[in-house]
Amino acid sequence: MARLSKAGVMNKHQPEDFLSLRAASAMASREIKLGFRSAWAYSFMALFVLLSLALLLIQQQSSGGYTGTTGAVMNLLLYLLPLMALLLGSFSIAAEREEGGWQLLSTYPISTCGYVTGKFAGTLAVLLIIVAAGFGLSGLVSFLVTQTYTFSTYILFLTFSACLIVSFLSLSLLIGALSSNRWQALTLSVAVWFLLVLGWPTLIIAVLGMLPYLWIKPVLMTLVFLNPAELSRLFLVIKLGGGAVLGPEYYKWVGLMAQPEGTLIFLSVSTVWMMMLLGLSAWIMQRRRTHV
C-alpha cells in the first residue's frame, strides 16, 4: 500500500516535471538525432561548405568594409540561409503530423510549449552546426592562408547568419503548425521565402508608390521591422560602413543603428520576432491538439 501511495505521488508530480525544461530538452535531443539522420542536413552542410569557400575567394577581391563583393557575399547568405531554415523547420513538424507522430506525442504528458521549444532548439542546433562547419572551414583557411577576413567582419557575418536562422526558423515552425503535410509545408515555405527575400523590393516599391509623400518614411521604417531578412540585411550593411548606399530615407535610422544602441535594438527586435512566432506556433498546435 505504501508502495502504491508512493507511486501515486510520483505520478501526480511527474506531469509537472514533464511540462518543464525536461520535456523541451528531450525533444531537442531527439530533433538533433533526427536532423543528422536526414539527407537534407548533410546536403545543406556540403552546399554551405562549398558556398563559404566560394565566398572566401570572392571576399579576397574586397579591400574591407562594405563593397560590391561584400554585398555579393551577403546576398548569397540571404538567399540560402532562410531557405534552409524554412525547409528544415517546417518539415520537422509537418512530417510528424503527416505520419502520425504528433498524434502519438499528444497522448503523453508533454506540453505543447515544451514540444515547440524543443523542436526549435534542436533544429537550431543542427543549423548552427551547419553554419559553423562552413564558416569554421573558411575562417581556418583565411587565418592560415589568405588572411581575407578581419575578425570584426567575420563576427558580423556570423551574427548576421545566426539572426537570419533564428528568425526564419521560428517562422518555419509556424508554417509547420499550419501545414497538414510536407507538400503544404514546402509550398508555404517557398512562397514565404520568395515574398520576404526575392519579392520584397518590388512589394515595397508598389506599396510606397500609393502613399502620400509624408507617409513614405514612417511606413518604410515600419515595413523594415516586419521583415527579418530586410532588417538583418540593413543591419549588416550599416555595421560594415555602407549606410550611405541606402539613401536619404534611411539617414536617421542609419545614424541610430550605427551606434551600440542599434545593436541592442536589432537583437531585441529579433528576440521579439522569435518569441511571438514560437508562441503563435504553440497556440496553433495546442488548439489542434485538443481536437485530436
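Reader: Does α8 pass α9 in a left-handed or a right-handed crossing?
Author: Right-handed. Helices here are DSSP runs (H or I, at least four residues), as strands are (E, at least two), numbered from the N terminus.

Reader: What kind of model is this?
Author: A predicted one: local features need pLDDT of at least 70 and side-chain atom pairs pLDDT 80 or more, while totals for chains, interfaces and linings use all residues. Residues are numbered from 1 along each chain as its sequence is written, and side-chain values use heavy atoms, with hydrogens and water left out.

Reader: Back to α8 and α9. What is the crossing angle, and within what distance do the axes come?
Author: Roughly 150°, within 11 Å, for α8 (residues 200-208) and α9 (residues 213-225). That makes the two helices roughly antiparallel. The cut-offs: under 35 degrees is roughly parallel, over 145 roughly antiparallel, 65 to 115 roughly perpendicular, the rest oblique. Axes are lines fitted to C-alpha atoms, for helices over the stretch in contact, with angles from 0 to 180 degrees between N-to-C directions.

Reader: Which residues make the contact?
Author: From α8, Trp-200, Ile-204, Val-207 and Leu-208; from α9, Ile-216, Val-219, Leu-220 and Leu-223. Contact means heavy atoms within 4.5 Å.

Reader: How do they divide by class?
Author: Eight nonpolar, no polar, no charged. Nonpolar covers Ala, Val, Leu, Ile, Met, Phe, Trp, Tyr, Cys and Pro; charged covers Asp, Glu, Lys and Arg; the others, Gly among them, are polar.

Reader: And α7 with α8, what's the geometry?
Author: Their axes come within 5 Å and cross at roughly 65°. Phe-194, Leu-195, Leu-196, Val-197 and Leu-198 of α7 meet Trp-200, Pro-201 and Leu-203 of α8. That contact has eight nonpolar residues, no polar and no charged.

Reader: Next pair. How do α10 and α12 cross?
Author: At roughly 165°, with the axes within 11 Å; α12 spans residues 260-289. That makes α10 roughly antiparallel to α12. The crossing is left-handed.

Reader: Which residues meet there?
Author: Pro-228, Leu-231, Ser-232, Phe-235 and Lys-239 of α10 meet Gly-262, Thr-263, Phe-266, Val-269 and Trp-273 of α12. By class: six nonpolar, three polar, one charged.

Reader: Pockets now. What is the volume of the largest?
Author: About 400 Å³. A pocket is an open set of points on a 1 Å grid over the protein atoms alone, where a 1.4 Å probe fits, with protein on both sides within 12 Å along at least five of seven lines; lining residues have an atom within 4 Å of a point. Points join across faces, edges and corners, and the volume is the space filled by probe spheres set on them.

Reader: What lines the largest pocket?
Author: 18 residues, with Glu-31, Leu-34, Ser-38, Phe-91 and Ser-92 nearest its centre. α1 (2-35), α2 (39-59), α3 (68-99) and α5 (112-146) each give two or more. α3 gives the most, six. The lining has seven nonpolar, five polar and six charged residues.

Reader: And the second largest pocket, how much space lies there?
Author: About 270 Å³. It has 17 lining residues, with Val-197, Trp-200, Pro-201, Glu-230 and Arg-233 closest to its centre. α8 supplies the largest share, four residues. By class, the lining has 13 nonpolar, two polar and two charged.

Technical notes. A crossing is left-handed if the near helix is turned anticlockwise from the far one by less than a right angle, and right-handed if clockwise.
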